Amino acid sequence: MINITFIDHLQQATRVQADVGTSLMQAAVDNNISGVVGECGGFCSCATCVCHVDASWADRLAPPEAMESAMLESVAADRPNSRLCCQITLNQDLEGLTVHLPESQY
Ligand code: FES
């Protein structure tokens, strides 16, 4: 288990524990984090799991693959460090990961 912090658009932080090997989207859904929908179940096809990785973590994640980048462009997620939570697989190196959530996924 690792600790993840979600910060909503009102700057309210929620810290959860999540299993290594699961996606950040699943960790959010399992912990009822409002602001992450995960409508497609993690198949990189809905963009209802957009987050913004905290600047302190931006260089510690593998960059998005082409499909994720294309999806992010299609929803105009032009804020720095935008990612799809479903495309981030949690591992031990992500202990303490902090992400910010938009006001809405639509
Ligand atoms: S859950 Fe659909 S794109 Fe991430």
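**Salt bridge, helix and sheet**

Trainee: How many salt bridges does the count come to?
Mentor: The count comes to one salt bridge, taking that as a side-chain nitrogen of Lys or Arg within 4 Å of a carboxyl oxygen of Asp or Glu. Keep in mind that this is a predicted model, where local features need pLDDT of at least 70, side-chain atom pairs count only at pLDDT 80 or more, and totals for chains, interfaces and linings use all residues. Residues are numbered from 1 along each chain as its sequence is written, and side-chain values use heavy atoms, with hydrogens and water left out.

Trainee: OK, which residue does Glu68 form the salt bridge with?
Mentor: Arg83, and the closest N and O atoms are 2.8 Å apart. Glu68 sits in helix H2 and Arg83 in strand S4, so the pair ties together parts that are 15 residues apart in sequence. Helices (H or I, at least four residues) and strands (E, at least two) are DSSP runs, numbered from the N terminus.

Trainee: Is Glu68 buried or exposed?
Mentor: Glu68 is buried, at a relative accessible area of 4%. Arg83 is buried too, at 8%. Buried means under 20% relative accessible area, and exposed means over 50%, with partly exposed in between (1.4 Å probe, protein chains only).

Trainee: Which other residues in H2 are buried?
Mentor: Met71 and Leu72 are buried in H2, along with Glu68. They cover an arc of only 100° around the axis, which puts them on the same side of H2; the arc is that of the directions from the helix axis to the C-beta atoms. The face turned away from that buried side carries exposed Ala66, Met67, Glu73 and Ser74.

Trainee: What covers the buried residues of H2?
Mentor: The cover includes S3 and S4.

Trainee: Switching topic: what's the strand order in the sheet?
Mentor: It's an open sheet of five strands, ordered S2-S1-S5-S3-S4, with mixed pairing. Two strands pair if DSSP finds at least two bridges between them. S2 (13-18) and S4 (82-84) are at the edges with a single partner strand each, so one side of each is left without a neighbour in the sheet.

Trainee: And in which sense do S1 and S5 pair?
Mentor: Parallel, over four bridges, with S1 at residues 2-7 and S5 at 97-100. Ile7 stands opposite His100 in S5.

Trainee: Last one: what is Ile4 in contact with?
Mentor: Leaving aside neighbours within four places in sequence, the contacts of Ile4 include Thr14, Val16, Leu24 and Leu97. Contact here means heavy atoms within 4.5 Å.
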